[in-house]
Amino acid sequence: MLCGPPKAGKTRTLYEAAARSLADPATLAVRRPQVGDAEASRPLETVAECAEAVPSSSDKLVIWVDDAHEHVHHGLSTSTLDELERAFPDAVILMTMHVHVLDE
């Protein structure tokens with residue numbers, strides 16, 4: 001997880017680090033929660049529950065969660081991260097988050 005203030009370049013920095021250290025991974029980008037849509041309001045939980053639907057065409061999988069602070073009240077928890085780890089044991093989970101959310 002890379003934390004910092006808004007517009008500080010977290011996403012670009014994390015992308016560049018991943019590009020240098022992970023050779024050609026498959027990437028699963030988790031969309032932002034859609035408030036008001038019950039099925040789309042907790043996308044991290046949905047990804048964990050639907051692991052079998054994710055193609056395993058690559059030995060390396062990156063689960064990309066940009067602006068993870070938007071997921072804090074929509075399914076981002078230690079138990080959800082544990083579920084993701086069980087569902088995708090060889091995956092690398094990369095997240096960006098606004099630092100003030102961690103302070104809260």
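This report describes the nonpolar cores, a charged surface patch and the salt bridges of a predicted model.

## Nonpolar cores

The largest nonpolar core comprises 16 residues. Within this core, the residues with the most contacts are Val-30, Ile-63, Val-65, Leu-84 and Phe-88. At least two core residues are supplied by each of helix 2 (43–49), strand 3 (61–65) and strand 4 (92–98). Another core, of 6 residues, lies apart from the largest one, and Leu-14, Leu-22, Val-62 and Leu-94 are among its members.

In soluble globular proteins, nonpolar side chains tend to be buried together.

## Negative surface patch

On the surface, a patch of negative charge is formed by Glu-49, Asp-82, Glu-83 and Glu-85. Helix 3 (residues 78–87) provides the largest share of this patch, namely 3 residues. Asp-82 is located in helix 3; this residue counts as partly exposed because its relative accessibility is 37%, a value between the limits of 20% for buried and 50% for exposed.

## Salt bridge within helix 1

The whole structure contains 4 salt bridges. One of the pairs is Glu-16 with Arg-12, whose side chains meet at an N to O distance of 2.8 Å. Both Glu-16 and Arg-12 belong to helix 1 (residues 10–21), where they are 4 residues apart, about one turn of the helix.

The two partners fall into separate accessibility classes: Glu-16, at 23% relative accessibility, is partly exposed, whereas Arg-12, with a relative accessible area of 55%, is exposed.

In the salt bridge between Asp-67 and Arg-32, the closest N and O atoms are 2.1 Å apart. Asp-67 lies in the loop between strand 3 and helix 3, and Arg-32 in the loop between strand 2 (26–29) and helix 2, so this pair ties together parts that are 35 residues apart in sequence. The side chains of Arg-32 and Glu-70 also meet in a salt bridge, with an N to O distance of 3.0 Å. Because Glu-70 lies in the loop between strand 3 and helix 3 and Arg-32 in the loop between strand 2 and helix 2, this contact links parts that are 38 residues apart in sequence.

Asp-67 is buried, with a relative accessible area of 14%. Arg-32 counts as partly exposed at 36% relative accessibility, and Glu-70 is likewise partly exposed, at 32%.

Key. Residues are numbered from 1 along each chain as its sequence is written. This is a predicted model: local features need pLDDT of at least 70, side-chain atom pairs count only at pLDDT 80 or more; totals for chains, interfaces and linings use all residues. Side-chain values use heavy atoms; hydrogens and water are left out. A nonpolar core is a set of buried Ala, Val, Leu, Ile, Met, Phe, Trp, Tyr and Cys residues joined through side-chain atoms within 4.5 Å. Buried means under 20% relative accessible area, exposed over 50%, partly exposed in between (1.4 Å probe, protein chains only). Patches are made of residues with over 30% relative accessible area and no salt bridge: like charges are joined within 9 Å, nonpolar side chains (Val, Leu, Ile, Met, Phe, Trp, Tyr) within 5 Å. Accessible areas come from the Shrake-Rupley method with a 1.4 Å probe; for residues, only the protein chains shown count as cover. Lys and Arg count as positive and Asp and Glu as negative; His and the chain ends are not counted. The place of a charge is taken as NZ of Lys, CZ of Arg, CG of Asp or CD of Glu.
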